[in-house]
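Please read them with the coordinates open.

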Amino acid sequence: MPVGSSNIINVALVSDGMDLTEVVVTGYGNIQRKSFTGASSTVTAEQIANKPVQSFGQGLVGQATGVSIVQPNGLLNNPPVIRVRGLSSLSLSSFPLVVVDGIPVSTNNTSANSAANNPLGDINPEDIESIDILKDAASTAIYGSRGAAGVLIINTKKGKRGEARFNYDGWAGISNAVRLPDVMNAEEYIAYKNQAIKNLKSVNPNSSVATGADGNSFFPNLRGDGTAVDTDWNDVVYRQALTQNHNISLSSATEKTSYFLSGGLSDQQGFLKGNNFKRYTGRANVTHQATSYLKLNLNMAYSNAFNQSPNSGSTDGGAFAASGLGRLAFALSPNLRPYNDDGSYSLNPTGGTIGNGSNLVSSTWSNPAVLIERDRNTSETTRLIANLGAELTLAEGLTLKSSFSWDRGNTENYRFWNPLSGDGFSTTGSAYNNNNRRNNRNFINTINYNKVIGGVHNLSLIAGNEAQSTTVHDWGAVRTNLSDPFYTQFQGQFINNTAGGNGIVATALESYLAIANYNYDNKYFISGNFRRDGNSGFSEQKRWGNFGGGSLGWEVTREGFFANSSLSSVISNFRIRGSYGMVGNAAVGAYNYFSTYDPTLYGADGTGFVFNRAGNVDLGWETSKQTDVGINIGFLANRFSLEADYFNKNIDGLILAVPQAPSKGIPGGTIRSNVGSMYNKGFEFALHASIFRDTEFKWTTSLNFTTIENMVEALDPQVEQILTSTADLEQTSITKAGYSAAQIYGVKTNGINPVNGQRIFVDREGREIQYLHQSAGNGYTYVDNGAPAPSPASQQQILGNTLPTWYGGFNNTMSYKNFDLAFNFTFSGGNYIYNGSRAGLLDQRFWNNLKDVVTDAWSPTNTTGTLPFPVFSDNVSNGSSFLISENIEKGDFLRLQTATLGYRFPKTIFGTSGISGLRVYGQVNNAFLITGYTGVDPEISSNGNSNLASGIERNSIPQGRVFTFGISLSL
């Protein structure tokens, strides 16, 4: 369907049989698919609709080549990790630019507590018509310095010609946590820990652990009725959750006016108790042809999203939170309980920790029941995204377009920690309120010229200007020492009150752009664009950057020699294309060229300033130069099609923190500079087949597959390596020239010594060192001669790549008469994961352990055991003290992401009721997972969106499995 002069572009499966692949939205204009020579993927409304997700990003999983999407865990509305053709930076964001109806929108997580807040969740997935993903630099360069990490262009639904259409879509379902660790029950725990106590005493009779007369430290904990406590802490922390989603819309279009109005409600419980997400949305899209030469359009969306969660320990930076429920669920002793017989909380009165019961060894864990019921962490966002535009036709083929957009968000973050147990105990209660207000304004003016000359020369030209300004205001306060435990909110009476979480940030971007597209007889194609960006984050001499790209295409099937060959009866479409472009990375933040100072109090009455950051007037753009070569082939009237691409993406001028001489007195000892380089290169394949299409039984299938290699080529001579920690506590990752980013960094091990059951460590020289907890000296001896050895804790080595080297999706849709069936598989591999949770599950302190230790631990009677000799309080042998290779596992997996069975009722049964369509369906999300990984999920990311510390699972909650039943009604 040619676009013509109308900007009402229906890229969806509609009754007139329009081909969804006809139009690609590329930014500042649209281009017919047959004229597009860049690299892009299009995801349609049907592929993301009616799924039990909080944002469209989750619905994109496995739908497009070159696009990797990881949901870090099962916490509701947690921001996904989205990568388009790999990492785009080391220190800056690798998250793609998101453009909604021409508006570049904010994608920063605005939560200031453990309630995750995903800005993509402010966009109702049911309002989306299509998503175009621009991948190569020639396509993304039109967005200049904002397109370094790829671009997701979201087109929301518009009214269609005909009578007014009313639609209702709703679903309800249940979700449960899956793949929870299998830990010991109370009887197993007591026996195992007491044996570990005896083992400790045999190694070190002078150990200080408390024991009874029988040498035991752990005992059954009896209730008032004489029954023994045997708590499954998963039942305390997790639940079967209920979820529901409802959307209504009204739309139509006449010759002059089109409109689409919608409203939505999403009310979802998380399988983690106390985790809830509720969102209200409203949208109005209106286009009006005011005169023959003036067209007006308005796109406006409102949302209110409320996120609530106790401290799960699963948000970025929270892996080692003492009150993290993900860890408490598997680490708490099963012979302890959350409540006493009288219903009161089981607590240690002097420490705010869980009550000891009959155990002589105290537990330092918090009581999760108190945390779930008494703590409160919420993040509520109210957001307005609006775009007002006009299109003025100056002459035939010449139009002037102008649009102003406003993305206005306000987030209130509320945190209350109770004084009884957990993080608020030491301060006798704590409250923190933070308000984050964001204003993002964008003003675009373009002049467009389209001309067809002689019926074969097709020319399109665009020139324009864009100005964007963003301001962020934060203010808040911290209150501690609650005067009365009656209060459970910030507004209660506290003794101590201080300011906290305050700041103002402003950035601006000004741009000038030009685009040219030409094709001869839809046979030879050439496209080019140029953009000059000015970013306020840089100094005047480095502020402006020039970006651009170009692409070529050849439609071989339109050549006479091909049309007359025997191949034309088999190959219906054959295109060769190539592109090259350069983009920058605008996510540098504000005020980089200034040395900044923080105000502070000095003495009793004075004020002063503290040196906060050293500026760099020479800091410049990170640049990404990308080459793409691809082919598109269709067979048998495009019944089968193949799209293949090779890409090479080189990033130069990486911004890194470069160490400075201590004598300079620079805060942190570093200055940000352009010093490094890396590349991503690989292949993308997309195969589509209409296996059965002309029969009652129809079956279409698509397979997308991506291979990718990341390599850090250079860092600064003063930066030999970048070491990164998880939650600022455990050093887990290293980035070094000659390797891919975010390698796992730890101490190599070689199983256990079958003679004595001791863990064997291997130092950098290959010498084997064994460890026996609390034995003579430091416990370390050389395996070969038994001589004392130094601790291997500082002998870390590079142990594995965390970035997948291949991934993809396999999607199938089948229908027979009125029934439809869909299966969506995702897969990934070639990477390793540090299963840090396993280190905790094997920790020999008072923590509960995996059931495996009962049968797999070495003992004098089980010399073939694969786990070390259990010695109480040993946190070294199984990797809790420092990372060891024993806990590194392959991350390959195959997942049935969704399976859907639906039935569409025949229209004839509705008679004159006015009902034009009714479909019911059932769906399961995360139906099954095939993997050798033993952690909760191979797609878990405890460090969230980090470029430098991916592939880490530490104390996270798992993913969920969701069953839903839905209905779609049209009037």
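1. Strands β41, β40 and β44 form, in that order, an open sheet of three strands with mixed pairing, where two strands pair if DSSP finds at least two bridges between them, and where helices (H or I, at least four residues) and strands (E, at least two) are DSSP runs numbered from the N terminus. Because β41 (888-890) and β44 (952-953) stand at the edges with a single partner strand each, one side of each is left without a neighbour in the sheet. Strand β40 (residues 832-835) runs antiparallel to β41 and is joined to it by three bridges; Tyr832 has Lys890 of β41 as its bridge partner.

2. This is a predicted model, in which local features need pLDDT of at least 70 and side-chain atom pairs count only at pLDDT 80 or more, while totals for chains, interfaces and linings use all residues. Residues are numbered from 1 along each chain as its sequence is written, and side-chain values use heavy atoms, with hydrogens and water left out.

3. Helix α4 (residues 186-203) has 18 residues and reaches 26 Å from its first C-alpha to its last, close to the 26 Å expected at 1.5 Å a residue, the expected span being 1.5 Å times one less than the number of residues. Its buried residues (under 20% relative accessible area, with exposed over 50% and partly exposed in between, for a 1.4 Å probe and protein chains only) include Tyr189, Ile190 and Leu200. The buried residues of α4 pack against α10 (852-856).

4. Ser363 is found in the loop between α6 (325-331) and α7 (368-374), and is buried, with a relative accessible area of 4%. Leaving aside neighbours within four places in sequence, Ser363 is in contact (heavy atoms within 4.5 Å) with residues including Leu332, Ile354 and Phe846.

5. Aromatic rings of Phe, Tyr and Trp (its six-membered ring) pair if their centres lie within 6.5 Å, and planes under 30 degrees apart count as stacked, over 60 as edge-to-face and the rest as tilted; by this rule the count comes to 29 aromatic pairs. Phe486 and Tyr487 form an edge-to-face pair, 5.6 Å centre to centre with 70 degrees between the planes. The rings of Phe761 and Phe882 have their centres 5.7 Å apart and their planes at 50 degrees, so this pair is tilted. Phe761 lies in strand β34 (residues 759-762) and Phe882 in the loop between α10 and β41, so the pair ties together parts that are 121 residues apart in sequence.
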